[in-house]
Amino acid sequence: MEINSYQTRAELLLRSYMLSDSFIVYSSVIGGVFACKLVYDLSQIFTSIYFKRYAGLSKFQQVEWNNRSISTVHAIFITAMSLYLAFWSDLFSDDQLSGLVIMRSSTLSTSILGVSLGYFLTDLAMILWFYPSLGGTEYLVHHLLSLVALSYAMLTGEAQFYVFLVLLSEATTPGINLRWYLDVAGLKKSKAYLINGFMMVLVWLVARIFLFIYVFYHFYIHYDQVKEVSSFGIFLVCVVPLVLAVMNLIWFWKIVKGLNKTLAKRN
């Protein structure tokens with residue numbers, strides 16, 4: 001009887017844990033989707049009040065303006081949280097003795113991934129709805145890879161450290177969006193547009209080139225831990241950063257060419 005009592009209690013505790021964990025996952029994803037809707041609506045309201053040219057934009061330009069507001073807010077949020085979790089907190093520190101780095105997760109880290117997943121779902125839906133105006137095939141590949149990696153890390157608790165490292169590449173998004181805003185506002189020949197171009201190159205170099213070199217280096221020296229995750233997890237940790245790194249190099253080349261073109265027009 002006593003053994004059955006302990007088993008029943010253990011089952012109830014396990015069930016309670018799984019239900020609370022599922023609640024965190026689903027509520028954070030839904031929260032991320034609703035946050036995107038809120039930012040879209042607020043962008044529409046405040047931009048129409050404080051930016052007089054907004055009313056003169058085409059319907060689709062207004063949609064893209066608000067869509068870029070969502071991606072900018074998400075980029076600032078996820079960059080700050082990724083920096084905190086990956087480098088400033090003790091969650092993924094090598095000095096901690098609480099298990100393998102690649103297996104570590106927390107309620108906060110899982111919630112943050114859920115919010116980011118909600119953003120990528122929302123943005124992917126908008127890209128598909130207005131395809132290819134908001135982004136072509138490369139954006140679909142980028143978002144689908146991100147969704148798979150985020151979902152896996154969020155649901156299993158594995159490889160969250162590497163996901164947060166890759167999410168730091170979102171730090172380049174505000175600069176890209178600002179360039180589009182300046183162009184739409186008729187400030188393509190302004191000094192701000194030129195400075196933005198230089199900053200884009202610098203931030204991209206750090207967040208999407210050097211950072212990925214660090215990701216591969218960390219992966220190499222911790223490969224004994226990486227082998228502990230599932231086969232699909234190893235595939236994601238190996239393939240997703242590699243594909244994104246190649247895409248980042250291609251985009252970086254286009255950014256540099258664009259900056260050179262801008263400089264050539266000014267000379």
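In these legends, contact means heavy atoms within 4.5 Å. The model shown is predicted.

**Figure 1. Overview of the chain in the predicted model.** The chain has 9 helices and 0 strands. Read from the N terminus, the order of elements is α-α-α-α-α-α-α-α-α. Along the principal axes, the C-alpha atoms occupy a box of roughly 85 × 40 × 30 Å.

**Figure 2. Contact of helix 2 with helix 6.** Helix 2 covers residues 59-88 and helix 6 covers residues 173-184; their axes approach within 9 Å and cross at roughly 155°. Angles over 145 degrees count as roughly antiparallel, and the crossing angle therefore makes helix 2 roughly antiparallel to helix 6. The crossing of helix 2 past helix 6 is left-handed. On the helix 2 side, the contact is made by Gln-61, Glu-64, Trp-65, Arg-68, Ser-69, Ser-71, Thr-72, Ala-75 and Ile-76. On the helix 6 side, Thr-173, Pro-174, Ile-176, Asn-177, Trp-180, Tyr-181 and Val-184 take part. By class, the residues of this contact comprise 8 nonpolar, 6 polar and 2 charged.

**Figure 3. The largest pocket and its lining.** The space in the largest pocket amounts to about 1100 Å³. Its lining consists of 39 residues, and those nearest the centre are Arg-68, Tyr-139, Ile-176, Arg-179 and Met-200. Arg-68 and Ile-176 also belong to the contact of helix 2 with helix 6. At least two lining residues come from each of helix 2, helix 3 (107-129), helix 4 (137-156), helix 6, helix 7 (191-221) and helix 9 (231-266). Helix 9 contributes the most to the lining of this pocket, with 9 residues. The lining of the largest pocket divides into 13 nonpolar, 12 polar and 14 charged residues.

**Figure 4. Contact of helix 4 with helix 9.** The axes of helix 4 and helix 9 lie 10 Å apart, and the helices pack at an angle of about 150°. Helix 4 and helix 9 are therefore roughly antiparallel to each other. Helix 4 crosses helix 9 in a left-handed sense. From helix 4, the contact involves Glu-138, Val-141, His-142, Leu-145, Val-148, Ala-149 and Tyr-152. Their partners in helix 9 are Phe-232, Gly-233, Leu-236, Val-240, Val-243, Leu-244, Met-247 and Trp-251. The contact of helix 4 with helix 9 is made up of 12 nonpolar residues, 2 polar and 1 charged.

Figure 5. Phi of Ala-159 is near 60°, a positive value in a residue other than glycine. Helix 4 provides Ala-149, Leu-150, Ala-153 and Met-154 to the contact, and helix 5 provides Gln-160, Val-163 and Leu-167. These residues divide into 6 nonpolar, 1 polar and no charged.

**Figure 6. The largest cavity.** The whole structure holds 2 cavities of 30 Å³ or more. The space in the largest cavity is about 250 Å³. It is lined by 22 residues, with Ala-149, Val-163, Val-166, Val-240 and Leu-244 closest to its centre. Among these, Ala-149, Val-240 and Leu-244 also take part in the contact of helix 4 with helix 9, while Ala-149 and Val-163 take part in the contact of helix 4 with helix 5. Helix 4, helix 5 (160-167), helix 7 and helix 9 each give at least two residues to the lining of the largest cavity. This lining has 16 nonpolar, 4 polar and 2 charged residues.

**Figure 7. The second largest cavity.** Its volume is about 30 Å³. The lining of this cavity is formed by Val-101, Ile-102, Phe-161, Tyr-162, His-218, His-222 and Gln-225. By class, the lining of the second largest cavity includes 4 nonpolar and 3 polar residues, with no charged residues.

Note on methods:
Residues are numbered from 1 along each chain as its sequence is written. This is a predicted model: local features need pLDDT of at least 70, side-chain atom pairs count only at pLDDT 80 or more; totals for chains, interfaces and linings use all residues. Side-chain values use heavy atoms; hydrogens and water are left out. Axes are lines fitted to C-alpha atoms, for helices over the stretch in contact, and angles run from 0 to 180 degrees between N-to-C directions. Helices (H or I, at least four residues) and strands (E, at least two) are DSSP runs, numbered from the N terminus. Angles under 35 degrees count as roughly parallel, over 145 as roughly antiparallel, 65 to 115 as roughly perpendicular and the rest as oblique. A crossing is left-handed if the near helix is turned anticlockwise from the far one by less than a right angle, and right-handed if clockwise. Ala, Val, Leu, Ile, Met, Phe, Trp, Tyr, Cys and Pro count as nonpolar, Asp, Glu, Lys and Arg as charged, and the others, Gly among them, as polar. On a 1 Å grid over the protein atoms alone, a cavity is a set of points where a 1.4 Å probe fits but cannot get out, and a pocket is an open set with protein on both sides within 12 Å along at least five of seven lines; lining residues have an atom within 4 Å of a point. Grid points are joined across faces, edges and corners, and a volume is the space filled by probe spheres set on the points.
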